[in-house]
Amino acid sequence: IPACAVFAADASDGLRIGWATTDMTPEGRVAMAGGSRARIASGVMDPITATALVLESIRDGEQAERIVMVSMDLGSVRENVRDRVYEKLSERLPEFDLSKLILNGTHTHAMPEARTAPDLVEKFHDLGVEVPLEWSWWGIDLDAKSPLECAEFMAERIAETIQRALENSEPGGVSFGLGHAVVGHNRLTAYYDGTSRMYGDTNTPEFSHVEGYEDHSVGLLYTYDADGELTGVVVNIACPAQVSEGGTQISADFWHETREELRSRLGESLYVLPQIAAAGDQSPHLLVDHRAEERMQQIMFPDVKSGRLSLGRRKQIAVRIADAVTSVLPYMEDHIDWDPMLAHRTEMVELTRRRLPDAQAAQENFERLFPKYVRLRQEIEDNPELREKNRWSDEVSNTYWHLARALRTIERYELQQREPTLSVPVHVVRLGDLAIATNPFELYVDYGAQIKARSRAVQTFTVQLASAYHQYLPTERSGAGGAYGAIPESNQAGPEGGRELVERTLELIESLWTED
């Protein structure tokens, strides 16, 4: 047993660490999130989970600081789920400071649908159409467990997991490091005419280049118990969990295989907490060399059945991440900090809204789509036998999705006249010489690089999709190309807001050192 570990266990001061995890997969028939049309899950490929990590700093026998980080196999952190977690935690632990809780999603597109849209319920009511709250995200009852039920179930599991992690808090230490693994790739294809497209065709003479930078770093935070035994690892990578997007089975995507691979190497009791670094323009899909990559998956994983290439890709990613974790680990064991500085600040940061020049196109889309949605929905209500057809909800849910997008764009145009700024939650954490900085966007990689390059910390993790959801935040370069994530309808903040977010995040990080 390392001498410093014995000291940490006996000392009243130092770091305390608590872990807990849970399966939060709802049972029964559920709708799935992700995409622009409703999908009903045909089953569960693997469980979706929530994992909580508690970090507590003890000074003079008293708690000086406490942070709770929770990673969930969800697309993002939506307000309805987040607020129910807050409410349930307040009931379970009235003394717990909710400002110390950081929730982040892994951005899987194969999770149960838990979103609702109260704003749309009100808008459609004013238009003379009643949309029930439980199905307000897709505009029609999908004959499945409602998103409200799923949100309630998952919020209860998440709150219970946080409580267990707090109860499990014991003396321990941490060590952080940097590895690399090729997981995420820029997903924007640029052409000679100056345009760019998400997942655009590269097999054409008009293809010029892949639009932006790719971040293959792996941020690693290892935790140890008082005996110096590894208990868990935080894995921070710039890639959403979207290998299996578009399917019909509930799944945590490549994080399931990653957890299995890491536990097979480091022990079944290992906790794994994923964080998605700035990756708004990255995905696990290759634009170039994709045929060669598929061939390698078949060679490396011959047990994966033909036609299930996504599983081979997930296994390939899991091995790459696990290799990064285990290659760095032996060096980290000699650099465990049993009493690191732990500090935290959170702030609602004001960012300039991305202004829409007008809402004419959105108004035209609304006028075109509204009667179509009403007609499609009425046909289904008048002819319930239509629900027996395969993919019966595709057209009506897709029409409603685009209609909702048009309505929100119109609302945004009106809102920007009254409220030119957007208020977003940002957390910054100092753990020794490591900084963790969160944001609620699908944040383009360039902004993450700016934060990491200029941060006061020796190493900095950025964590997107944390504590709320505010759509994509693209760069000026990407906005000029006009790909999906960079068009104004996909953004609440644009390049100006991106610069503001970077600067304020860096100021908050700096404050954690200057106040030391």
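An open sheet of eight strands, with mixed pairing, runs in the order β7-β6-β5-β1-β8-β13-β14-β16. Strands and helices here are DSSP runs numbered from the N terminus, with at least two residues (E) for a strand and at least four (H or I) for a helix; two strands pair if DSSP finds at least two bridges between them. The structure is a predicted model, in which local features need pLDDT of at least 70 and side-chain atom pairs count only at pLDDT 80 or more, while totals for chains, interfaces and linings use all residues. Residues are numbered from 1 along each chain as its sequence is written, and side-chain values use heavy atoms, with hydrogens and water left out.

Helix α4 (residues 147-167) lies across β1, β5 (49-59), β6 (62-72) and β7, and runs at about 150° to β1. Such angles are taken between N-to-C directions, from 0 to 180 degrees, with axes fitted as lines to C-alpha atoms, for helices over the stretch in contact.

Helix α4 also packs with helix α2 (residues 79-92), at an angle of about 45° and with the axes 8 Å apart. The pair is therefore oblique, the class left over once angles under 35 degrees are called roughly parallel, those over 145 roughly antiparallel and those from 65 to 115 roughly perpendicular. The crossing of α2 past α4 is right-handed, meaning that the near helix is turned clockwise from the far one by less than a right angle. Contact means heavy atoms within 4.5 Å; on the α2 side it involves N80, V81, R84, V85, K88, L89 and R92, which meet residues of α4 including A151, A155, I158 and I162. The residues of this contact divide into eight nonpolar, two polar and six charged. For this division, Ala, Val, Leu, Ile, Met, Phe, Trp, Tyr, Cys and Pro count as nonpolar, Asp, Glu, Lys and Arg as charged, and the others, Gly among them, as polar. An α-helix has 3.6 residues a turn, so residues three or four places apart point the same way.

Helix α2 also holds R82. R82 counts as buried because its relative accessibility is 15%, where buried means under 20% relative accessible area, exposed over 50% and partly exposed in between, for a 1.4 Å probe and protein chains only. Not counting residues up to four places away in sequence, R82 touches V77, L103, S467 and A468.

Helix α10 contributes Y447, Q450, I451 and R454 to the contact, and α12 contributes residues among them P495, G498, V502 and I509. Six of the contact residues are nonpolar, three polar and three charged. In α10, V445, D446, Y447, G448 and I451 are buried. The buried residues of α10 pack against β17 (282-283), β21 (442-443), β22 (459-463), β23 (472-473), α11 (476-481) and α12.

Finally, S310 lies in helix α7 (residues 309-332). With a relative accessible area of 25%, S310 is partly exposed. Leaving aside neighbours within four places in sequence, S310 is in contact with V243 and S244. The C-alpha atoms of S310 and S244 are separated by 6.0 Å, although the two residues are 66 residues apart along the chain.
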